[in-house]
Amino acid sequence: HMEPDIRINDNQLELKLKCKSPLKVTHQLINCRTEDEVSEYVFTQTLHGVVTFIISLPESGYYKFQVFALEAGDDSKSLPNVCNYLINCVRALHPVFPYPKQYAQWKDGCYLHEPLVLHKEANCKSVFWKVIIPNAKA
């Protein structure tokens with residue numbers, strides 16, 4: 001996504017960034033009205049050189065979304081800020097739930113197709129999982 005200003009009519013957004021080489025990546029999501037960090041409402045995945053941020057905004061309003069990245073082979077512990085977005089969420093139509101904590105190993109090519117959200121109010125009679133985990137051994 002090239003434009004730094006994003007306007008969405010509901011509170012669900014998928015942002016994809018194409019990468020030339022493997023990256024270490026993280027993010028920060030900030031509610032501009034309260035200045036609270038709400039990064040737990042962002043799920044990050046990488047597949048075939050595309051970093052996908054699945055963003056669920058808890059309420060309408062403006063959010064600052066920052067992406068930090070560094071080439072995967074770089075040993076630096078600090079990831080520089082590489083792009084910033086201002087997201088205007090017009091309406092929060094969908095209930096949102098925090099995503100699970102993600103560790104660095106997850107972001108190295110793991111990809112969860114489904115379920116993206118699983119919470120205590122969810123119907124758990126049958127849950128279908130579709131996930132890609134490189135080099136996993138069963």
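R33 sits in the loop that links β3 (23-31) to β4 (42-47), where helices (H or I, at least four residues) and strands (E, at least two) are DSSP runs numbered from the N terminus. This is a predicted model, in which local features need pLDDT of at least 70 and side-chain atom pairs count only at pLDDT 80 or more, while totals for chains, interfaces and linings use all residues. Residues are numbered from 1 along each chain as its sequence is written, and side-chain values use heavy atoms, with hydrogens and water left out.

**The protein as a whole**

The protein has 0 helices and 9 strands, and from the N terminus on its elements run β-β-β-β-β-β-β-β-β. Of its 138 residues, 34% are buried; buried means under 20% relative accessible area, exposed means over 50%, and partly exposed lies in between, with a 1.4 Å probe and protein chains only. The accessible surface comes to about 9100 Å², and 53% of that surface belongs to carbon and sulfur atoms, the areas being computed by the Shrake-Rupley method with a 1.4 Å probe, with only the protein chains shown counting as cover for residues. Among the contacts in the protein with a separation of 6 or more, 66% are between residues 24 or more positions apart, a contact being heavy atoms within 4.5 Å.

**Two open sheets**

Strands of a sheet pair through backbone hydrogen bonds, either parallel or antiparallel. Here two strands are taken to pair if DSSP finds at least two bridges between them.

β2 pairs with strand β5 (residues 50-56) in the antiparallel sense over 7 bridges, and the bridge partner of K16 in β5 is T52.

**Around R33**

R33 counts as exposed because its relative accessibility is 63%. Leaving aside neighbours within four places in sequence, R33 is in contact with E59 and Y62. The side chains of R33 and E59 are joined by a polar contact of 2.6 Å; such a contact is a pair of N or O atoms within 3.5 Å, where within protein one must be able to donate a hydrogen and the other to accept it, and residues adjacent in sequence count only if both atoms are side-chain atoms. R33 and Y62 are 29 residues apart in sequence, and their C-alpha atoms are 7.0 Å apart in space.

N31, placed in strand β3, is buried because its relative accessibility is 6%. The side chain of N31 reaches the backbone nitrogen of R33 at 2.9 Å. Not counting residues up to four places away in sequence, N31 touches D36, V38, E59, Y62 and Y63.

E35 lies in the loop between β3 and β4, and H48 lies in the loop between β4 and β5. The table lists their values.

| Residue | Phi | Relative accessible area |
|---|---|---|
| E35, not a glycine | about 65 degrees | 67%, exposed |
| H48, other than glycine | near 55 degrees | 70%, exposed |

**Aromatic rings**

A pair of aromatic rings is described by the distance of the centres and the angle of the planes. Rings of Phe, Tyr and Trp (its six-membered ring) pair if their centres lie within 6.5 Å, with planes under 30 degrees apart counting as stacked, over 60 as edge-to-face and the rest as tilted. By this rule the count comes to 3 aromatic pairs. The rings of F53 and F65 are an edge-to-face pair because their planes stand at 75 degrees, with the centres 5.2 Å apart. Since F53 belongs to strand β5 and F65 to strand β6, the pair ties together parts that are 12 residues apart in sequence. F53 is buried at 0% relative accessibility, and F65 is buried at 0%. F53, F65 and Y85 form one aromatic cluster.
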